[in-house]
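Please open the model in a viewer and keep the sequence panel beside it.

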Amino acid sequence: MSDTGLLTAFSATIVFDRYEDIRAALFDPNLSRSFDKRSYEDGNIRSGIVSISHGSTHRARRRIENTQFRADVLRLYERELFPRVMNALLDVLIDAERVDLFPIGELLSVVLAARRAGIEYDAGSLDDLRALVHHVDVFSQGSAILDAKDPDAVRALVRRAYADFEREFVRPAWAARQALIDRVRRGELAESELPQDILTVLLLHRQDPALELDDGRIVREVATYLQGGTHTSAQTLVNACDLMFPRADHEDVIERLAADQLFAQRVVQETLRLRPTTPKMKRRAEAETEIAGVRIPKDAQVVLDVATANRDPQLFGERPEDFDADRAVDANVARWGLSFGAGAHQCPGRAVGGGFPVPPDFAVEADHVFGLVALELQAVARRGIRPDPERAPERDLRTERFTRWLHYPVRFRPPVSA
Amino acid sequence: MPAHVTVDPELCIGSGECVRLLPSAFRIDESRGVSVPLAGAATAAWASLARARGGCPTRAIEVTDANGDPIPGDAGGR
């Protein structure tokens with residue numbers, strides 16, 4: 001057993017921290033995310049989910065799931081659904097001058113993540129949303145299991161959460177969607193009338209052997225999309241503030257944020273570069289391969305230090321460690337660096353959170369997607385967000401990942417009625 | 001010079017990156033969840049095709065010249 005508590009023995013551990021080397025590794029089909037052998041055994045908390053599947057199974061799964069991330073769907077969420085839901089929620093959540101930003105970010109993000117995942121909840125019920133956020137917190141610990149300080153405790157916690165999540169949220173949605181799919185199969189309903197979400201497409205295609213789906217995998221897959229769509233957005237919202245607040249000119253930056261949506265998007269992308277959700281990605285060599293002239297033996301662990309690569313001065317300028325949303329970046333380099341990965345496992349929701357790439361001249365098309373976190377940042381900026389010098393933020397110390405928070409106290413302008 | 005553009009349906013995962021980068025040359029076949037080249041791909045600028053090729057997360061796009069050789073271009077989409 002390894003020192004992380006996994007039943008995985010690696011033949012070697014090889015670390016890359018250069019941008020192009022990491023990109024080469026992310027595109028190498030011989031390197032998989034199947035690093036935990038128990039991934040393929042019954043009961044593993046991540047068994048069979050798209051994030052750790054490999055090869056043809058992974059590609060088949062992504063083909064049907066990527067349908068939920070088409071540009072027209074992103075625009076619908078960003079321009080119509082989210083602003084209304086977000087502002088109504090913020091009116092309720094910012095009920096005092098002093099609040100904790102992190103749970104607010106989670107509650108904002110979980111609304112749309114749940115909708116995209118395809119689970120049933122009452123969007124007007126804070127109890128429902130808080131229950132979902134609780135599950136997201138547990139699933140997030142599961143997704144970061146390789147960096148967990150107590151992996152066995154995390155496994156037990158996640159298994160219990162899956163059971164509750166399935167019973168409370170997935171099964172009701174499952175029954176409703178299956179009934180609609182049955183109607184489609186009987187010719188009573190057009191397929192285009194089905195809900196647009198991950199659960200629906202999984203149920204619609206579950207008999208396809210290429211997808212390797214069973215009931216447990218469907219529940220875990222839905223949980224994966226709920227977690228992925230919530231956690232990164234909430235953490236990025238907080239990290240953006242944590243990067244802005246120490247600046248002497250942070251009041252000017254926040255004022256600019258409130259007025260300029262494209263600037264808000266660049267702030268988000270700069271935040272993602274400096275604070276990647278997964279600072280060190282890990283892969284396992286399924287077969288011997290070579291990266292940047294380095295021989296990688298079969299069963300080696302390959303560590304990809306994205307946090308370091310994202311600070312390459314040749315790509316991001318002379319002071320890459322600085323927070324500078326206006327920095328010049330070449331058209332062929334994403335402003336978020338490698339934080340969304342690359343290759344087949346590139347994050348499917350990157351445009352949801354971070355929007356489309358921003359061109360070097362900052363001239364975007366009319367159909368540009370800015371990303372939901374930019375909208376969230378603008379909304380809190382317009383409500384007068386500022387640091388709370390009397391209460392210290394609290395990092396999530398259950399993980400080695402330095403980009404995760406548990407609490408982030410901030411202040412807002414006092415409510416008008418106060 | 002016209003280019004010959006193909007998308008390997010076994011490798012493609014329907015990310016839509018090529019459609020976003022060059023909508024005149026690619027579309028998603030939603031029945032299969034994969035990208036297919038359009039007629040406009042043949043006459044698209046090589047630099048744009050090279051960028052779409054480089055932006056493909058699974059390297060499913062091939063662009064060749066009249067001799068069957070890959071067109072030159074950067075690693076687009078870094």
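Select α6 of chain A together with what covers its buried residues, which includes α5 (126–143), α7 (198–205) and α8 (215–244) of chain A. Helices (H or I, at least four residues) and strands (E, at least two) are DSSP runs, numbered from the N terminus. The model is predicted: local features need pLDDT of at least 70 and side-chain atom pairs count only at pLDDT 80 or more, while totals for chains, interfaces and linings use all residues. Residues are numbered from 1 along each chain as its sequence is written, and chains are lettered from A and ligands numbered from 1 in the order in which they are written.

**Helix α6 of chain A**

Select residues 151–185 of chain A. The end C-alpha atoms of this helix, α6(A), span only 44 Å, whereas a straight helix of 35 residues would span 51 Å at 1.5 Å a residue; the expected span is 1.5 Å times one less than the number of residues. Where does α6(A) bend? Centre on A:Glu166, where the bend is about 45°; a bend is the angle between axes fitted to the seven residues ending at a residue and the seven starting there.

Next, colour the buried residues of α6(A), among them A:Val154, A:Val158, A:Ala161, A:Phe165, A:Phe169 and A:Trp174. A residue is buried if 20 or more other C-beta atoms lie within 10 Å of its own, exposed if 12 or fewer, and partly exposed in between, with C-beta atoms placed from the backbone. An α-helix has 3.6 residues a turn, so residues three or four places apart point the same way. Charged side chains are also to be found in the buried set, including A:Arg155 and A:Arg177. After the helix comes A:Gly187, with a positive phi near 80°.

**Helix α4 of chain A**

Move to residues 101–117 of chain A. The 17 residues of α4(A) should span 24 Å at 1.5 Å a residue, and this agrees with the 24 Å between its end C-alpha atoms. At A:Val110 this helix bends by about 30°. Is α4(A) mostly covered or mostly uncovered? It is mostly covered, for 16 of its 17 residues are buried. Just beyond α4(A), A:Gly118 has a positive phi of about 100°.

**A three-stranded sheet in chain A**

Select β3, β11 and β8 of chain A, which form an open antiparallel sheet in that order. Strands count as paired if DSSP finds at least two bridges between them. β3(A) is joined to β11 (residues 409–411) by three bridges; one to display has A:Arg98 with A:Arg411 of β11(A) as its bridge partner.

**Two positive phi values in loops**

Most residues other than glycine have a negative phi, and most peptide bonds are trans. Select A:Glu212, in the loop between α7 and α8 of chain A. A:Glu212 is not a glycine, yet its phi is positive, about 50°. A:Glu212 counts as partly exposed because it has 14 C-beta neighbours inside 10 Å.

Then go to A:Asp299, in the loop between β6 (294–296) and β7 (301–305) of chain A. Its phi is positive at about 70°, although A:Asp299 is not a glycine. With 16 C-beta neighbours inside 10 Å, A:Asp299 also counts as partly exposed.

**Where the chains meet**

Finally, show both chains. The contact takes 17 residues from chain A and 17 residues from chain B; two residues are in contact if their C-beta atoms, placed from the backbone, lie within 7 Å. On the chain A side, α1 (19–27) and α2 (55–65) each supply at least two residues, and α2(A) gives the largest share, four residues.
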